[in-house]
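This report describes selected features of one protein chain. Please keep the sequence and the structure in view while reading.

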Amino acid sequence: MDVLAHALWTNLAFSEAPLPVRGAAIALSVLPDLIPFTPTAVRQFFSARKDRSGNPKPRHRPEEMHFSQWAYRAYDVTHSLLVFGAVFAAGWLWMGSVPWVLFGWLGHILVDIPTHTRAFFGTPIFWPISNYKFDGISWGERWFMRLNYGGIILMYAYYFATRYLVS
């Protein structure tokens, strides 16, 4: 799923949490994508915008972009249920209570499992033990984007209607 959708769904899921908890959960829901993809996005943004003849270069589709090995490894780490489980357990032991904000990260992983194909950053749910990646649908498919953002709009409308319009 795209970064904005992760943030919007997490905001809804944590809508009753105190603002600092909600903010942290939202941050943790987008970091699994920002960590591996930001360096490539910044490089692409600042790269030369014109070819040798002076014509503008076409923008690359995400699957046509070239990512470093670091990006692939960072993606493996940030999208593994096993890594999440280890961090969650360590956080629970350290804090002495459930680290609720980490569910923003877990939600990211769980949503990405069915919304990524193996061909383009499939979600390595059992990394580093296994490189298995579920072959889902691409979140970039138009029909899915419409369905996803339609669902977001409906859920926000319901949230605001029940919170502010119903007495």
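Arg163 and Glu16 form a salt bridge, in which the closest N and O atoms are 3.0 Å apart. This pair links distant parts of the chain, since Arg163 belongs to helix H6 and Glu16 to the loop between H1 and H2, with 147 residues separating them. The model under discussion is a predicted one.

How accessible are the two partners? Arg163 counts as partly exposed because its relative accessibility is 41%. Glu16 has a relative accessibility of 62% and therefore counts as exposed, the cut-off for that class being over 50%.

A search of the whole structure finds 2 salt bridges. Besides the pair described above, the side chains of Arg73 and Asp76 meet in a salt bridge, with 2.8 Å from N to O. Side chains of opposite charge can pair when their charged atoms come close.

Where in the chain do Arg73 and Asp76 lie? Both are in helix H3, which covers residues 69-78, and they stand 3 residues apart, about one turn of the helix. An α-helix has 3.6 residues a turn, so residues three or four places apart point the same way. Arg73 has a relative accessible area of 44% and so counts as partly exposed, whereas Asp76, at 10%, is buried.

Helix H6, which holds Arg163, spans residues 142-165 and contains 24 residues. From its first C-alpha to its last, H6 reaches 32 Å, close to the 34 Å expected at 1.5 Å a residue.

Which residues of H6 are buried? They are Phe144, Asn148, Gly151, Ile152, Tyr156 and Tyr159. The cover over these buried residues includes helix H1 (3-13) and helix H2.

Val3, Leu31, Leu34, Ile35 and Trp70 form a nonpolar patch on the surface, and their accessible area together is about 400 Å².

One of the patch residues, Ile35, is located in helix H2. Its relative accessibility is 37%, so Ile35 counts as partly exposed. Ile35 can belong to the patch because residues with over 30% relative accessible area qualify.

Technical notes: Residues numbered from 1 in each chain as written. Predicted model: local features only at pLDDT ≥ 70, side-chain atom pairs only at ≥ 80, totals over all residues. Heavy atoms only, no water. Patch = residues over 30% accessible without salt bridge, like charges linked within 9 Å, V, L, I, M, F, W, Y side chains within 5 Å. Areas by Shrake-Rupley, 256 points an atom, 1.4 Å probe, with all protein chains shown as cover. Salt bridge = Lys/Arg side-chain N within 4 Å of Asp/Glu carboxyl O. Helix = DSSP H or I, 4+ residues; strand = E, 2+ residues; numbered from the N terminus. Buried < 20%, exposed > 50% of the residue type's maximum accessible area, 1.4 Å probe, protein only. Expected span 1.5 Å × (residues − 1). Contact = heavy atoms within 4.5 Å.
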